[in-house]
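Take a look at the model below. The report that follows walks through its parts one by one.

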Amino acid sequence: MTTPKLLSLENLPVAPPAGTREITYVEAVREALRQALTADERVFLMGEDIGVYGGAFGATAGLAQEFGEGRVIDTPISEAGIAGACVGAALAGMRPVGEIQFMDFVTLSMEQLVLQAAKIRFMFGGKATVPMVLRMPGGSGTGAAAQHSESLENWFVHVPGLKVVMPSTPYDVKGLLLAAILDDNPVIFVEHKLLYKTKGPVPEAPYVVPLGQSRVARTGQHLTVIATSLMVNRALEAAQKLAGEGIECEVIDPRTLNPLDEAPIVASVKKTGRALVVHEAVRTGGYGGELVSRIVDSAAFDYLEAPVRRLTGLDIPIPYNRNLEAHAVPQVDAIVAEARRLARGEV
Amino acid sequence: MSRSTQSKKEAEHLAEWGADGARQKLGLMMLIRAFEEKAEELFALGRVHGTMHLSIGQEATAVGAASALRRGDYLLNHHRGHGHCLAWFDSDVDAMMAEFMGKETGYCRGRGGSMHIANVEANNLGANGIVAGGVPIAVGVGLSIKMRQTDQVCMVNFGDGASNEGAFHESLNMASIWKLPVIYLCENNQYAMSMPVTKAMTVAQISDRAAAYGIPGVTVDGNDPVAVYEAVAAAAARARAGQGPTLVESQTYRWRGHSKSDKQAYRTRDEVKEWQQRDPILRFAARLGLSDAEREAMRQAAVDRINAAVAFAEASPEPDVRTIMDGVYA
Ligand SMILES: Cc1ncc(C[n+]2csc(CCOP(=O)(O)OP(=O)(O)O)c2C)c(N)n1
Ligand SMILES: [Mg+2]
């Protein structure tokens with residue numbers, strides 16, 4: 001056996017400067033996949049329609065042609081099978097990157113993820129590793145209705161043994177995806193349909209953004225807004241508007257939901273004394289509950305000047321009708337209004 | 001069954017429908033096509049959002065299958081289900097179109113949209129956005145029928161791709177051991193999105209999978225409403241007699257892309273054209289001996305009906321945002 005070609009964390013720059021080249025979020029995903037496939041023989045992709053079709057959202061376009069059907073594998077419609085095959089291949093020395101076409105369908109993969117991928121290492125006394133990544137686009141806003149618009153990330157946050165990553169920018173999605181592929185744990189990698197076409201600066205060479213590091217996306221002194229995925233963009237837009245009224249928001253993107261890097265959040269709330277959590281997923285049992293607890297459990301508690309607020313999706317399935325769909329999840333104006341109330345001490 | 005005895009039986013069924021009945025079935029196929037073509041147009045014009053899955057080319061399966069069942073039977077439908085919904089008992093084209101356009105007057109008050117159209121009052125338990133999502137539900141519906149000791153049946157339709165989900169296999173096995181009155185109608189349109197059937201499984205026919213569960217499996221020409229009618233009628237008779245489920249595979253073809261965004265790089269134009277030669281509507285019209293003028297008049301009537309449905313939907317109100325929390329819990 002020849003020595004395999006391997007990508008290693010040591011050889012990759014950590015969070016390098018973003019540079020000036022702009023690409024879209026989906027191109028950044030594809031670039032990370034291409035670079036991992038090129039540099040590491042253990043890496044392969046599997047999922048529904050990821051080959052000649054290029055993936056439902058085009059994330060893998062051209063990769064089957066470039067790397068062959070042996071490494072970019074089209075599967076039958078079998079989500080439990082995809083997840084299980086990733087677990088098995090990872091246990092046996094590979095670095096599989098599975099794609100679940102819409103996050104909703106991961107409900108069919110749950111047993112393999114929750115009871116197998118997450119627990120195997122622990123049950124085997126820390127002696128096995130399951131280095132797999134399962135990518136999936138979540139979120140609403142495309143008119144795809146209740147069964148194609150879910151934001152289920154918190155289901156996975158609740159499972160020790162899984163890491164959960166939810167990038168909001170092209171820069172982060174590339175660096176975090178490479179870091180996830182090199183991580184020795186099963187990683188649930190949540191993309192967002194409405195982010196795929198957003199653009200931003202991304203370095204061309206491979207690099208990593210370490211898992212478990214929050215990012216301060218905007219600094220401000222009046223209140224802290226902690227937002228995830230698409231809501232980071234909406235929070236930044238809201239912050240821009242509020243700045244015109246003299247309200248300065250600090251916006252924090254956790255990027256990795258589990259393990260959460262809470263230090264920057266705690267530090268920010270100590271500074272501002274006010275915190276607003278924004279996510280698209282439904283409120284009850286959502287990640288916001290965890291974030292609020294982390295804040296009130298921490299040294300930031302004594303600095304709070306107002307209740308910690310949550311702005312989230314309504315506790316309903318996503319409706320089809322365009323207008324209802326928009327009302328089901330936080331929009332920029334709602335964030336502006338809520339942040340303004342909080343900053344003015346009206347809540 | 002040899003081809004000649006099969007044709008003879010089919011001719012009998014055709015006779016059973018009568019000239020008017022057969023024309024009515026043709027008219028229904030044309031209504032489905034007109035609905036789909038209008039849906040495509042509305043989408044292209046940006047007047048609806050989301051996505052949709054058109055069943056153009058598959059109309060004979062929906063019409064043949066529904067006509068083999070009775071009012072009071074159950075239907076579980078899937079994402080490419082506009083045709084099945086229109087062909088089902090007491091269907092209301094206006095409510096269909098209004099749902100497609102997200103209006104309050106739609107079957108699901110605009111909450112469901114194209115992928116989730118249901119007519120619960122008519123035991124049409126709805127389309128499903130999850131591939132094979134309805135297949136295990138059929139077990140429960142069948143079980144309920146059995147427990148309530150009625151002579152209803154439940155038909156669940158799904159695609160070739162759905163037969164690769166674990167849920168499909170669990171469902172067939174459960175319905176088999178409990179001899180449930182379920183008809184599994186697999187609409188094999190040759191592709192699951194970009195995945196050809198020949199790459200997704202190694203069995204020669206999807207109906208071969210029935211053998212693993214000890215139930216009958218038949219494959220029929222899904223572009224012939226009479227052939228589909230006959231197979232579903234036989235399955236229904238078996239189900240009503242307490243003999244259990246049947247897997248019917250209906251061989252057909254999806255003329256359009258999988259959904260709104262599909263470059264169709266996985267198949268050739270020639271292949272599509274070849275299947276279009278087997279247009280279920282033209283074939284059936286020819287079989288009924290319709291002149292071009294008669295056929296055209298029927299087509300126009302279908303288009304007019306669909307245009308009226310669009311007018312109804314457009315005049316209908318949007319759902320009131322204040323009712324957004326409705327319907328989550330009973
Ligand atoms: C569980 C699940 N996996 C994947 C999808 C995405 N998807 C929707 S339809 C489809 C293809 C279905 O193929 P088939 O069952 O043959 O039905 P057809 O579209 O051909 O009518 C896929 C992959 C889904 N909706 N649900
Ligand atoms: Mg199919």
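Where is the place of A:Pro259 in chain A? A:Pro259 sits in a loop of chain A, with strand S12 (256-258) and helix H9 (263-272) on its two sides. Keep in mind that this is a predicted model. The peptide bond that runs from A:Asn258 to A:Pro259 is cis. Its omega is near 5°.

A:Ala145 is not a glycine, yet its phi is positive, at about 70°. This residue also lies in a loop, between strand S5 (133-138) and H6 of chain A. Most residues other than glycine have a negative phi, and most peptide bonds are trans.

## The two domains of chain A

Chain A is split into domain 1 (20-201) and domain 2 (215-343). Their C-alpha centres are 26 Å apart. The two domains touch: domain 1 of chain A gives 23 residues to the contact, and domain 2 of chain A gives 25 residues.

Which elements of domain 1 of chain A give two or more residues to the side that touches domain 2 of chain A? They are two helices and two strands: helix H6 (153-157), strand S6 (163-165), helix H7 (170-182) and strand S7 (187-192) of chain A. By class, this side of domain 1 has 11 nonpolar, 9 polar and 3 charged residues.

## A helix pair in chain A

Two packed helices are described by the angle between their axes and the distance between the axes. Start with helix H8 (residues 230-243) of chain A and helix H12 (residues 332-343) of chain A. Their axes come within 8 Å and cross at roughly 55°. H8(A) is therefore oblique to H12(A). The crossing of H8(A) past H12(A) is right-handed.

Which residues meet here? From H8(A) come A:Arg234, A:Ala235, A:Glu237, A:Ala238, A:Lys241 and A:Leu242. They meet A:Val332, A:Ile335, A:Val336, A:Ala339 and A:Arg340 in H12(A). This contact is made of 7 nonpolar and 4 charged residues, with no polar ones.

## Two helix pairs in chain B

Now turn to chain B. Helix H4 (residues 93-100) of chain B packs with helix H11 (residues 292-315) of chain B at an angle of about 55°, and the axes are 8 Å apart. That angle is why H4(B) counts as oblique to H11(B). H4(B) passes H11(B) in a right-handed crossing. The H4(B) side includes B:Val93, B:Met96 and B:Met97. Among the H11(B) residues they meet are B:Ile306, B:Val310 and B:Phe312. The contact of H4(B) with H11(B) has 9 nonpolar and 2 charged residues, and no polar ones.

At what angle do helix H2 (residues 59-67) of chain B and helix H8 (residues 225-240) of chain B pack? The angle is about 40°, with the axes 7 Å apart. H2(B) is therefore oblique to H8(B). Here too the helices pass in a right-handed crossing. B:Ala60, B:Thr61, B:Val63, B:Gly64, B:Ala65 and B:Ser67 belong to H2(B). Their partners in H8(B) are B:Pro225, B:Val226, B:Ala227, B:Val228, B:Tyr229 and B:Val232. In this contact, 9 residues are nonpolar, 3 are polar and none is charged.

## Where the chains meet

Chains A and B are in contact too. Chain B gives 31 residues to this contact, and chain A gives 26 residues. The side of chain B that touches chain A has 15 nonpolar, 13 polar and 3 charged residues.

## The ligand between the chains

Where does ligand 1 lie? Its place is between chains A and B. A shell of 23 residues surrounds ligand 1. The closest are B:Arg80, B:Val131, B:Gly159, B:Gly161 and B:Ala192.

Two elements give two or more residues to this shell: strand S2 (154-159) and strand S4 (191-192) of chain B. How do the residues of the shell divide by class? The shell has 10 nonpolar, 8 polar and 5 charged residues.

Key: Residues numbered from 1 in each chain as written. Chains lettered and ligands numbered in written order. Predicted model: local features only at pLDDT ≥ 70, side-chain atom pairs only at ≥ 80, totals over all residues. Near = placed C-beta within 6 Å. Helix = DSSP H or I, 4+ residues; strand = E, 2+ residues; numbered from the N terminus. Nonpolar A, V, L, I, M, F, W, Y, C, P; charged D, E, K, R; others polar. Contact = placed C-beta atoms within 7 Å. Axes fitted to C-alpha atoms, helices over the stretch in contact; angles between N-to-C directions. Parallel < 35°, antiparallel > 145°, perpendicular 65-115°, else oblique. Left-handed = near helix turned anticlockwise from the far one by under 90°. Domains from an automatic or database assignment.
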